[in-house]
Amino acid sequence: MPPRENDEVDRIVDAWSAQRPDLDFSPLQVLSRVDRLSRHLDRARRAAFQRSDLELWEWDVLSALRRAGEPYQLSPKQLLQQTLVSSGTMTNRIDRLVGRRLVRREADPGDRRGVLVTLTDDGRVRVDAAITRLVDAEAVLLSSLSRSDRERLAALLRKLSLGFDA
């Protein structure tokens, strides 16, 4: 078996282990790598969204509407649930997206006092371009893994995240 390649996390953990042999550094072996990979993912996402002239927060709202399917509309409350921001923040975001003509507000036919936020054609074109760029960029980040490695990693990360999403 060929010798294992060391990355920066290995070097950090080795240095800590030499200084503090009384501690178990196995959590750092996993979560420091997740943190470093998160930074690479964040850069790739920002670049993908920037090429579609979208900010990360705009992507969050527009992608929620796009995933909703035809007619690409949700109530502000549904958007709050999907994006995990405050009501005031969501109102501000919707206002800004309306100003950019990426969404529009419409009366809710099922509730005279209610409003629905609807994705415009321009918003749909931008979010569709962004998701294509995002999937391509993320595929590049995972290119060193085989399909089965990706599936195994996804299963392990799902298992870990279920405890936080409950």
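Hi everyone. Contact here means heavy atoms within 4.5 Å. This is a predicted model, where local features need pLDDT of at least 70, side-chain atom pairs count only at pLDDT 80 or more, and totals for chains, interfaces and linings use all residues. Residues are numbered from 1 along each chain as its sequence is written, and side-chain values use heavy atoms, with hydrogens and water left out.

Let's start with arginine 124, which sits in helix H6; helices (H or I, at least four residues) and strands (E, at least two) are DSSP runs, numbered from the N terminus. Setting aside neighbours within four places in sequence, arginine 124 touches Arg66, Tyr72 and Leu119. Serine 63 lies 61 residues away from arginine 124 in sequence, yet 8.7 Å away in space, C-alpha to C-alpha. Is arginine 124 buried, partly exposed or exposed? Its relative accessible area is 28%, so arginine 124 is partly exposed; buried means under 20%, exposed over 50%, and partly exposed in between, using a 1.4 Å probe and protein chains only.

Now to helix H5, residues 87–99. Which residues of H5 are buried? They are Met90, Arg93, Ile94 and Leu97. Seen down the axis, these buried residues fall within an arc of 100 degrees (taken from the directions from the helix axis to the C-beta atoms), so they line one face of H5. Their cover includes helix H3, helix H4, strand E2 and strand E3. After H5 comes arginine 101, with a positive phi near 60 degrees.

Note on methods. Expected span 1.5 Å × (residues − 1).
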